[in-house]
Amino acid sequence: MRADIQALRAVAVALVLLWHAGLPGLTGGYVGVDVFLVVSGFLMTRILLAEVTERGRLDLPRFWLRRARRLLPAAAVALLGVALLTVTLLPSTRWRDIAGDLAASTVYVVNWRLAARSVDYLAADSAPSPLQHFWSLAVEEQFYLVWPVVLALAVAAPVRLGRGSATARVATVAGVAGALSLAWSAWLSQADPGRAYFVTTTRVWELALGAVLGALWPWWAARRPGPSAAAALVLLGLGAVLASAVLLDATTAFPGTAALAPTLGTVAVLLGGPFVRAGGVVDRGLGLRPARWLGDVSYSLYLWHWPLLVAAGALLGAETLPWGVNLLVLALTLPVAWLSYRFVETPFRGRIPPAPVRQTSRALGRTVTGYAVAGAAGVGAVLVATATTTPGGVLSTVPAQAQQLQPAPASAREDVYTPFYDGCANLGGAGSATVCVDGDVESDTRVVLVGDSHAVMWMPALAEAGRQRGWRVELVARTSCPAADVVPMAGSDPREDCRSWLHEVTRSVVADPPAAVVTAQVPIPRLWVDGEVVRSEDGHALMAGGMARAWQALGASGAPVATIAPTPRFEQDPPECVAAHLEDLTACGWPLGPSQDLTAPPVRLALEQAPQVGLLDLTEELCPDAWCPAVDGSTLVWADGNHLSGTRSRELAAPLGDALAEVLDRRG
């Protein structure tokens, strides 16, 4: 048991937990995961090569059995715990998604699911999954499955196919894989930061870095540094990790080259840790009892901290809790982690003696099967709960109006203009703008709808109006890209592509003028201006100017330009509110005034600068008498906190068609 590795585990888990708690100043605490990955690569390679040295071969089933007994029991209990927390504390609108996360976590591919979700605009405003932290465990498990096989092949390869010793071949293979992964990670972290954070391919190099060190460890140990040099390595390494946790933040392109500081810092600690002066200050620091204890329980602590933070937010009715409250939750997580470590992890640990492959394989099969049954039980419990609590469910006892809701709260986010999300339009990144065509597709009267997801949101209404009135409706949209000459922030990413996309759309409209151009967009409260983020009210004038410039450019085609008034933005999620108040649907509604504070001012300013642009205002239809209900009759109005459901959008075809017809009549 190396004190430096236990200390690294303690530092890594502490950084992640405090970052998740929102501790001020710790904006890059996510680097704790990178520390874990390097340590995992190092340890696994040392364990595997030690077995080759001792026994002359690798017993892969035995290795995987050790890993399974070490990791799967605690993970199984945590997954069952998440299922229980989900159906008892979290809104039923989230249960189906969490069931999918449970299934993906059980088979350790949830990182790929989260990567897909990170580029799904419809999921951008969703509350975080209680299994979001499982992504890093998934990356490690994928490594544990693949790397032993690769290492065995490298060791077994004839010398003529490699160079030097078996350990040198292992180091070479890990080094080449790591270099390729680092290059890919650096590129993807700039091109697609959301996906890059989660996918395995951008993290392989961190595991490979540890693997190279593990392969070359005998060479390094034979040339052991002096105590002073070793202490300097440890202190510099810990300093690099801690500095990264303070200096990096959500806008850093990560993992990419920015992850070199914490990962190389981890390597420095591993290089120096065993060779510091016994009893010296550094040695005593690495061996502190709290650090050893935290290192021991780090796995269980990591498993449980995030679900409990999410559950606490649900219990207290807030998606984001003050950091002081989160620290209290983390303090309460410590005894949970100790119980998991003492009564779940520890009984399954210990040396596994060599045995015939068939016997070991059977033991491995039993362990994996038990884990799979636990995971399936968690998924099944959540799905059964979803079926029996959804309006119209078998055991539903809610009033008839709630049972007839369209869409049902649990499926509200899926009630969208599906042709767009099925691929008829370009959803992001580089490439030409493409068009979704609907309405009276044979008509010569073309109406072009331009904008972001709010344009997509209005497409069901405009398409239905087009069918009724003989308009060919062409949707040209890109999520997170408003019809405004600006660079919006999408999460932590500046969308530089939005401006070039809008210019391309404008050229197309000018080259082939339609009967009318309609824009719909949500004013972005954060813009990227001269390399800085401009936030909230400070960006209203900039957003307004961008919209006015876009309208003027689109109007250069000679077609009249109109914009649809922005919908309100609610702090509470309407489907979640409705799901919690099925017996009294009138309980969910919000005053119009505060809900418009972030969306209406920029549009008003833009219309003052571009008085020739018509306003298609359906606010009174959505929020009669300045009150915005979540439910109108049997229709769930809102899909989330700022998007209409597709059902409600279609119901507004007549008033939207009337308003646009006036614009076309004025042109005539």
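Analyst: Glycine 22 comes directly after α1 and has a positive phi, near 80 degrees. This is a predicted model, in which local features need pLDDT of at least 70 and side-chain atom pairs count only at pLDDT 80 or more, while totals for chains, interfaces and linings use all residues. Residues are numbered from 1 along each chain as its sequence is written, and side-chain values use heavy atoms, with hydrogens and water left out.

User: How do you know that the span of helix α1 agrees with its number of residues?

Analyst: Helices are DSSP runs of H or I with at least four residues, and strands are runs of E with at least two, numbered from the N terminus. The expected span is 1.5 Å times one less than the number of residues; for the 19 residues of α1 (residues 3–21) that gives 27 Å, and the end C-alpha atoms are 27 Å apart, so the two agree.

User: Why is the pair of phenylalanine 570 and tryptophan 638 called edge-to-face?

Analyst: Rings of Phe, Tyr and Trp (its six-membered ring) pair if their centres lie within 6.5 Å, and planes under 30 degrees apart count as stacked, over 60 as edge-to-face and the rest as tilted. The structure holds 18 such aromatic pairs. In the pair of phenylalanine 570 and tryptophan 638 the centres are 5.0 Å apart and the planes stand at 75 degrees, so the pair is edge-to-face. These two residues are 68 residues apart, phenylalanine 570 in the loop between β9 (561–564) and α22 (574–580), and tryptophan 638 in the loop between β14 (635–636) and α26 (646–651).

User: What makes leucine 235 count as exposed, and what makes leucine 334 count as partly exposed?

Analyst: Buried means under 20% relative accessible area, exposed over 50%, and partly exposed in between, with a 1.4 Å probe and protein chains only. Leucine 235, in helix α10 (residues 227–247), has 53% relative accessibility and therefore counts as exposed. Leucine 334, in helix α15, has 31% and therefore counts as partly exposed. By contrast, phenylalanine 570 and tryptophan 638 are both buried.

User: What makes arginine 203 lie over the face of tyrosine 197?

Analyst: A charge sits over a ring if NZ of Lys or CZ of Arg is within 6 Å of the ring centre and within 35 degrees of the ring normal. Arginine 203 lies over the face of tyrosine 197 at 4.8 Å from the ring centre, and arginine 67 lies over that of tyrosine 144 at 5.6 Å. Tyrosine 197 also belongs to an aromatic cluster with Trp19, Tyr30, Trp135, Phe198 and Phe254.
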